[in-house]
Amino acid sequence: MIALDDIMVEIGDCHRCSLAQTRTNLVFGVGNPNAEVMFIGEAPGEKEDLGAEPFIGAAGKYLNSLLALAGLKREEIYIANVLKCRPPGNRDPRPEEIESCTPFLREQVRAIAPPILVTLGRFATQFILKTDRGITGLRGQVHITGAFSVLPIFHPAAAIYDRNKEPIMEEDFRLLGRLLAKRREERTERTVHKELS
Ligand code: URA
């Protein structure tokens, strides 16, 4: 397992794919290195490319408001993307870009080792769950993969584009809140058992 700082050093001024030619900044990821919940988005947009931080544009503002429904604050979580560099015009990530970039995401997940992963949108969900299934059929349920509980949720930008998705987003963030509460309860019970034994 490599520490986050060392992963950043390893990425360096990455030129492993052609997105390096059009990006302003590489967007590594940000947040609590001991987070209980790690969010994974798709790729930086224009604001993120300029600010070198994930989810600081319109989708990020919406995400911040949804976090409150799960009882989370932005500083408690860690956020990264499938791609570290902005695809021109915010087009979809290409398979070769995903292939060259995701070893770093994998290392970030290992370094943070969060019990809960929230995958935002199709690209993050398919990468983490190693599936071709669409997000619509996967959201709303907790998927167990290895040591992780994975909760796929629509990408916030999709709900900004299609307002009909807003109630579903809210439902899924409330589900995240319940999942967190259950985990914390179980942890407390384990501690009490240990103290009594
Ligand atoms: N959309 C993403 O998937 N990631 C960001 O960082 C910003 C918008």
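This is a predicted model: local features need pLDDT of at least 70, side-chain atom pairs count only at pLDDT 80 or more; totals for chains, interfaces and linings use all residues.
Residues are numbered from 1 along each chain as its sequence is written, and side-chain values use heavy atoms, with hydrogens and water left out. Local features need pLDDT of at least 70 and side-chain atom pairs count only at pLDDT 80 or more, whereas totals for chains, interfaces and linings use all residues.

Helices (H or I, at least four residues) and strands (E, at least two) are DSSP runs, numbered from the N terminus. Six strands form an open sheet with mixed pairing, in the order E1-E3-E2-E4-E6-E5; two strands pair if DSSP finds at least two bridges between them. Strand E1 (30-31) and strand E5 (143-145) stand at the edges with a single partner strand each, so one side of each is left without a neighbour in the sheet. Strands of a sheet pair through backbone hydrogen bonds, either parallel or antiparallel.

Strand E2 (37-41) runs parallel to E4, and four bridges join the two; here Val 37 stands opposite Ile 116 in E4. E2 also pairs with E3 in the parallel sense, over four bridges, with Phe 39 opposite Ile 79 in E3. Strand E4 (residues 116-120) pairs in turn with strand E6 (residues 148-153), again in the parallel sense, over five bridges, and Val 118 stands opposite Leu 151 in E6.

Five of the five residues of E2 are buried, so E2 is largely enclosed by the rest of the structure. Buried means under 20% relative accessible area, exposed over 50%, and partly exposed in between (1.4 Å probe, protein chains only). Both faces of E2 are covered, with Val 37, Phe 39 and Gly 41 buried on one side and Met 38 and Ile 40 buried on the other. In a regular strand the side chains alternate between the two faces of the sheet.

Helix H4 (residues 95-112) lies across E2, strand E3 (78-81), E4 and E6, at about 170° to E2. Axes are lines fitted to C-alpha atoms, for helices over the stretch in contact (heavy atoms within 4.5 Å), and angles run from 0 to 180 degrees between N-to-C directions. Helix H5 (residues 122-129) lies across E2, E4, E5 and E6, at about 135° to E4.

In helix H1 (residues 4-11), the buried residues are Leu 4, Ile 7 and Ile 11. Seen down the axis of H1, these residues fall within an arc of 55° (taken from the directions from the helix axis to the C-beta atoms), so they line one face of the helix. E3 and H4 are among the elements that cover the buried residues of H1. The exposed residues Asp 5 and Val 9 are carried on the face turned away from the buried side of H1.
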